[in-house]
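Morning, everyone. I have one structure to walk through today. Please have a look at it first.

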Amino acid sequence: AQMEYGGVAGREPEEVYKQHLAGMQQLWRGGIEIDGNLELARHVNSSWWNLLLSYRWGQNMSSSPGGLANNCYKGHSFWDIEQFMWPNLLMFQPQLAAASLQYRFDRRGPAQANAAKWKKAGLKFPWESAVTGEEVCPWPGGAKEIHINGDISLAFWQYWQATADGAWLRSIGWPVLRGVAEFWASWAEELPNNGFTVRGVVDVDERAVNVTDSSYTNAVAMLAVANGIRAAKLVGQEQSVGSSWENLGASLRLPMDEHGLHHLEHATAKAGSGLGIIMLQYPLGIPVTEEVRRNDLDFYSRSWPNGNAMFWWDFVINWLHLGEPGKAAKYLRKTTQKNVFGPFNIWSETAGGGGCPNFVTGAGAFLQAMWAGYGGIRLSDGDLSFHNPRVPPDSTELRFRALAYRGSLVNVRITPSTILLQLHNESPRGAPLLAAAHDGGVGHSLKHGAEPLALPSAGVVSLFVAPGRDS
C-alpha cells in the first residue's frame, strides 16, 4: 500500500480520481440488482461490496472469512473461499476467480509435502492456509478436515465448466485435479466387498471428530475422482488415472438413517447441524430422490434452530429447486434477520452479532441464494442453465449484470413470467457464439446489438455455445 501511495502521490488529483472511477466501473460491472424491495437490494449491494473488497486484480491471492477488514481467523483461507465466497466471483468476476485458484495452484509443493507427511499420495491442502500454503490451523482436528481437498477440486472443475479454457485446464487445472484424486485414492480404505470407506476425518460439523464415512466428505471425494477422470480425458492423460479411481468414485457410501429416510452426517451419527447434508443437494448436486431431499431439509432445519450465517442460505436454494418458494422465503428471512447489522448491513458469523465481524463467508452464501436460488443457475459440463428462475419475495424484478460464461458477458432480467437474455455491451466479440433454449427446444443465438431474447421463466432455460459457430 505504501509503494502504491508513493506511485500516485505526485500525480494530479483529477487524473487519480478518473482512474479510480474507471477501476470502480470495471469492478462493479458484474453484479445483482433487485427491483421493488429496497431492503433486500441493500443486503445484496452491501454483501457484494464487502466480497469485492476482499480481492484485487493482479494478485494471485485468496481471502479469508473476515476479508481484509479485520484479522478474524488470522486472515487464513478455509473452505469458506471455495464453497461460499468464490462461486460468486466465478459468475461475475472470472479474473478474480482465476487468481484465487492460482493461489492454490502455486502452493502445490506444500500440499504435496503435507500428503507425504501423512504417508499419502497426491496433494493434501491445509485446512487453514496462509502465505506459505503450509498447515497453520492451531486446532489439531483441522488437519483431518480433509473435505477441503474436495472443495478445492470442485472449484477447479467448475472454473473449467464456466470457461472451457483448455490451455488453463492442461497447465493449471489438471495438476490440481489429478493431485487431489490421487490423495483420495490413497486415503480411502478398500473393503472386502470391493467397496471403500473413509475413516478418521472431521466432518463439516466440527463436533464430529475422527468419524467414519462423513457424508459430505465422501461426496466431495466422489466428485473429485470423477472430475479427475473427466479432466484426464480432456487433456489426453488417461494413462494417469489411478486403477481405483472409478471404483472409488462409485462405491463410497453416504450413510442413511435406519429407515432410509434421510442422510446421516456420518456412519454413527445420531444428530448434528446438518450443513454438510444440506450441501449435498447444492452445491454438490449429488443425485438422490426428491423424498430424501425433502426429508433432509425438514430433519436438519430442526437440528440447529439458531443456525449461523453459513447455514440457512442453502435451505433457500434447495427449497426453491424443489418448487417451494414459500418455504424458501422463510429461510431467506432467517438468513439475514439475526446476522446483518448496522447502516452498512455488515454480516456477523453468529446470530446476534457474535463471532467473526464482517463475515464475508455469510455475504458470499447470501449472494448465492440470489443467483443459484432465485436465479436457479446451475453449471454443467455443457451448459449454464436457469431452473425455474423467479423474483425474490416482495420484489418486481431480478437482474444479473455481466454474467460471465464461456468468454461472454450476458445481462439477465427475470420477471414473474419471463427471463430475458442479452449480451452485455462489453462482451468480447471474439468469444464463441452463445445460444439459449427453453426446455430443450430450439436454440436462439445471442448476438451483439440484438434485442433481448425473451423466454418463459417456468421450466429450464439453457445457455450454451452454439454448435460449430463463432461470433
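One definition before the sheet: two strands count as paired if DSSP finds at least two bridges between them. Keep in mind that this is a predicted model.

So, the sheet. Three strands form an open sheet. The order is E4-E5-E6, and the pairing is antiparallel. In general, strands of a sheet pair through backbone hydrogen bonds.

Which strands stand at the edges? Strand E4, residues 340-341, and E6. Each has a single partner strand, so one side of each is left without a neighbour in the sheet.

Look at E4 and strand E5, residues 346-350. Two bridges join them. Take Val-340: its bridge partner in E5 is Trp-347.

Next, the cysteines. How many disulfides does the count come to? One. The disulfide joins Cys-72 to Cys-356, with S to S at 2.0 Å. Cys-72 sits in the loop between H3 and H4, while Cys-356 is in strand E6, residues 354-357. The pair therefore ties together parts that are 284 residues apart in sequence. Both Cys-72 and Cys-356 are buried.

Then there is Cys-137, which is in no disulfide. Its nearest cysteine sulfur belongs to Cys-72, and that is 13 Å away. For a disulfide, the two sulfurs have to be within 2.5 Å. Is Cys-137 buried or exposed? Cys-137 counts as buried, because its relative accessibility is 15% and the cut-off for buried is under 20%.

Back to the loop between helix H3, residues 38-52, and H4. Leu-53 is found there. Leu-53 is partly exposed, with a relative accessible area of 41%. Now compare sequence and space. Leu-53 and Ser-63 are 10 residues apart in sequence. From C-alpha to C-alpha, Leu-53 and Ser-63 are 9.9 Å apart.

Last stop, a helix pair. Helix H4 covers residues 79-92, and helix H5 covers residues 94-105. They pack at an angle of about 140°, with their axes 6 Å apart. That angle makes H4 oblique to H5, because roughly antiparallel starts over 145 degrees.

Which residues meet there? From H4, we have Ile-81, Glu-82, Trp-86, Leu-89, Leu-90 and Phe-92. From H5, they meet Pro-94, Leu-96, Ala-97, Ser-100, Leu-101 and Arg-104. By class, this contact of H4 with H5 has nine nonpolar residues, one polar and two charged.

That's my tour. Over to you.

Note on methods
Residues numbered from 1 in each chain as written. Predicted model: local features only at pLDDT ≥ 70, side-chain atom pairs only at ≥ 80, totals over all residues. Heavy atoms only, no water. Axes fitted to C-alpha atoms, helices over the stretch in contact; angles between N-to-C directions. Helix = DSSP H or I, 4+ residues; strand = E, 2+ residues; numbered from the N terminus. Parallel < 35°, antiparallel > 145°, perpendicular 65-115°, else oblique. Contact = heavy atoms within 4.5 Å. Nonpolar A, V, L, I, M, F, W, Y, C, P; charged D, E, K, R; others polar. Buried < 20%, exposed > 50% of the residue type's maximum accessible area, 1.4 Å probe, protein only.
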